[in-house]
Amino acid sequence: MASLSTASRLCLRSAAKPSVPAVRALSSTAMRPDSATYNSPFKVSDKGNQIPSFGKYVSNSSPSKNLVFSYFMVGTMGALTAAGAKSTVSEFLVNMAASADVLAMAKVEVDLNTIPEGKNVIIKWRGKPVFVRHRTADEIEQANKVEVSSLRDPQTDEERVKNPEWLVMLGVCTHLGCVPIGEAGDYGGWFCPCHGSHYDISGRIRKGPAPLNLEIPEYDFPEDGKLVVG
Ligand code: FES
């Protein structure tokens, strides 16, 4: 019985032993040096493995000549790129700049000789009304007599005019933007009918809900009898 079990164990061991040597033998045969002679079915020709000749592209000139040419090419390309960039930026700036009609509206010229003393004119500047008043000596005196500290928006008349004869200001009520009426109100200046704001002969708020004096725009007298607003 014992001999039978020993025999069966031997039989099992021999069956369980892997056939590694056989596989190794196969693989070592494939890697053998004489495999270089193996003709692959995918090999078309040997040309693909060869480095092509660039001889015909090699310059015959001297290295210094080649350098000069390279510098010339780089310099030229740089100059062309810079010129292109400059032109693009200039085009962009020209497009972004205000058009001629807008520029024309930016400044308005007024002939002061056409405005008699004691009269108002209203001009349009950048879509807003501008009051120009040719003040009389009495009105100038009246504007200067006011106690500045008593004003809601304290400003002397001097601070509001370049030439006392000419009062130039935006005709937009500082309350909610209505256009005040000239030569009206309790202070002989302008009156805003929307909510009852009274401005004096210097355009300063004296009564009503408006918080500030009428705004003074940019203006100048480039020559005698000429006013430029803007
Ligand atoms: S808008 Fe002029 S008083 Fe209100």
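Of the 230 residues of the chain, 23% count as buried, where buried means under 20% relative accessible area, exposed means over 50%, and partly exposed lies in between, with a 1.4 Å probe and protein chains only. This is a predicted model, in which local features need pLDDT of at least 70 and side-chain atom pairs count only at pLDDT 80 or more, while totals for chains, interfaces and linings use all residues. Residues are numbered from 1 along each chain as its sequence is written, and side-chain values use heavy atoms, with hydrogens and water left out.

**Overall build**

- The secondary structure comes to six helices and 10 strands, these being DSSP runs numbered from the N terminus, with helices (H or I) of at least four residues and strands (E) of at least two.
- The accessible surface of the chain comes to about 16,400 Å², of which 61% belongs to carbon and sulfur atoms; such areas come from the Shrake-Rupley method with a 1.4 Å probe, and for residues only the protein chains shown count as cover.
- Among contacts in the chain with a separation of 6 or more, 52% are accounted for by residues 24 or more positions apart, a contact meaning heavy atoms within 4.5 Å.

**Nonpolar core**

- The largest nonpolar core has 27 residues, and those with the most contacts inside it are Val130, Val132, Leu227 and Val229; a core of this kind is a set of buried Ala, Val, Leu, Ile, Met, Phe, Trp, Tyr and Cys residues joined through side-chain atoms within 4.5 Å.
- Two or more residues of this core are given by each of the elements β1 (108-111), β2 (120-125), β3 (128-134), β4 (166-170), β6 (188-192) and β10 (226-229), and β4 gives the most, with five residues.
- Valine 130, not counting residues up to four places away in sequence, touches Val121, Ile122, Ile123, Trp125, Val168, Met169, Leu170, Gly171, Pro217 and Val229.

**Nonpolar surface patch**

- Val89, Phe92, Leu93 and Met96 make a nonpolar surface patch of about 440 Å²; patches are made of residues with over 30% relative accessible area and no salt bridge, like charges being joined within 9 Å and nonpolar side chains (Val, Leu, Ile, Met, Phe, Trp, Tyr) within 5 Å.
- Leucine 93 lies in helix α3 (residues 63-96) and is exposed, with a relative accessible area of 51%.

**Cysteines**

- The count comes to one disulfide, taken as a pair of cysteine sulfur atoms within 2.5 Å, and this bond joins cysteine 178 to cysteine 194 with an S to S distance of 1.9 Å.
- The pair links distant parts of the chain, 16 residues apart, with cysteine 178 in the loop between β4 and β5 (181-184) and cysteine 194 in the loop between β6 and β7 (197-200).
- The torsion about the S-S bond of cysteine 178 and cysteine 194 is about -100 degrees, so the disulfide is left-handed.
- Cysteine 194 counts as partly exposed at 36% relative accessibility, whereas cysteine 173 is buried at 4% and cysteine 192 is buried at 2%.

**Salt bridges**

- The count comes to eight salt bridges, each defined by a side-chain nitrogen of Lys or Arg within 4 Å of a carboxyl oxygen of Asp or Glu.
- Aspartate 186 forms a salt bridge with lysine 207, the closest N and O atoms being 2.5 Å apart; aspartate 186 lies in the loop between β5 and β6 and lysine 207 in strand β8 (residues 205-207), so the pair ties together parts that are 21 residues apart in sequence.
- Aspartate 186 is partly exposed at 49% relative accessibility, and lysine 207 is partly exposed at 38%.
- Aspartate 200 and arginine 206 form a salt bridge with their closest N and O atoms 3.0 Å apart; aspartate 200 is buried, with a relative accessible area of 3%, whereas arginine 206 is partly exposed at 27%.
- Glutamate 223 and lysine 226 meet through their side chains in a salt bridge (3.8 Å, N to O), and salt bridges that share partners join Glu109, Glu223 and Lys226 into one network.

**Lysine 119**

- Lysine 119 is found in the loop between β1 and β2 and counts as partly exposed at 44% relative accessibility.
- Leaving aside neighbours within four places in sequence, lysine 119 is in contact with Val132, Arg133, His134 and Glu183; lysine 119 and histidine 134 are 15 residues apart in sequence and 5.7 Å apart in space, C-alpha to C-alpha.
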